[in-house]
Amino acid sequence: MTVNGGKTSYSPGQSLQLTLSSSRSFKGFLVQARIAGTATPIGTWTVTDAVNTKAVTCSAVDDSITHSNPNVKNTVPLMWKAPMNANTGSVEFFYTVVISYNTFWAGHKTAAITEMKAMPVVPPPGMSISTGMSMSTAMTTRMTTATTVAQKPPPKESSGGRVCYVPLILLSTTLRKLL
């Protein structure tokens, strides 16, 4: 029995396609996404197979998904949407599967998937507009600086994480046409 989507990471608000599958037929199931190391469901489930699944509310609306009938199943497609807020952390999918009234597996979980953190965009040195400049002066300053900065190699890691480097040669050319 597995819950698999082939993913090792997710982004806030991202929807992940998962599959609950088994070589042995099952009749019922319950799946929840939880912050790793906690018992609180997180995110929401979207029904992609209305014949066999339904979203249910445990702690929050649609935070769990379960079977909608006792028919025999081997594979069930699932769709989980990560919460929009960042800093959720790693998530594990917990599942219970029912073979029959007396045979079931409870409390199984998948390997954790990691939240992808958004990288801050940090402008290259010298690329700021002071509040005292007119827009025309600011654009000219940016164009002059852009050509110089764009020829430098991208910066290495910084203490705050990866620094984003934006090639500015195209920006410089576009701005010259606008002025």
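Guide: The accessible surface of the protein chain comes to about 10700 Å², and 58% of that surface belongs to carbon and sulfur atoms. The model is predicted: local features need pLDDT of at least 70 and side-chain atom pairs count only at pLDDT 80 or more, while totals for chains, interfaces and linings use all residues. Residues are numbered from 1 along each chain as its sequence is written, and side-chain values use heavy atoms, with hydrogens and water left out.

Visitor: What makes up the secondary structure of the protein chain?

Guide: The chain holds two helices and eleven strands. Their order from the N terminus is β-β-β-β-β-β-β-β-β-β-β-α-α. Both kinds of element are DSSP runs, numbered from the N terminus: helices are H or I with at least four residues, strands are E with at least two.

Visitor: Why is K109 placed in its class of accessibility?

Guide: K109 has a relative accessibility of 48%, and therefore counts as partly exposed.

Visitor: How do you know that E92 forms a salt bridge with K109?

Guide: A salt bridge is a side-chain nitrogen of Lys or Arg within 4 Å of a carboxyl oxygen of Asp or Glu. The closest N and O atoms of E92 and K109 are 3.4 Å apart, so the pair meets the definition. E92 belongs to strand β9 and K109 to strand β10 (residues 104–109), 17 residues apart. Their C-alpha atoms are 6.4 Å apart. A search of the whole structure finds one salt bridge.

Visitor: How do you know that the side chains of D49 and N52 are joined by a polar contact?

Guide: A polar contact is a pair of N or O atoms within 3.5 Å; within protein, one must be able to donate a hydrogen and the other to accept it, and residues adjacent in sequence count only if both atoms are side-chain atoms. The contact between the side chains of D49 and N52 is 3.0 Å.

Visitor: Which residues touch the most other members of the largest nonpolar core?

Guide: They are L20, F29, V31, W45, L78, W80 and F93, in a core of 21 residues. Such a core is a set of buried Ala, Val, Leu, Ile, Met, Phe, Trp, Tyr and Cys residues joined through side-chain atoms within 4.5 Å. Two or more residues each come from β3 (15–26), β4 (28–35), β8 (73–81) and β9 (91–98).

Visitor: Why is K27 called partly exposed?

Guide: The relative accessibility of K27 is 36%, so K27 counts as partly exposed. K27 sits in the loop between β3 and β4.

Key: Accessible areas come from the Shrake-Rupley method with a 1.4 Å probe; for residues, only the protein chains shown count as cover. Buried means under 20% relative accessible area, exposed over 50%, partly exposed in between (1.4 Å probe, protein chains only).
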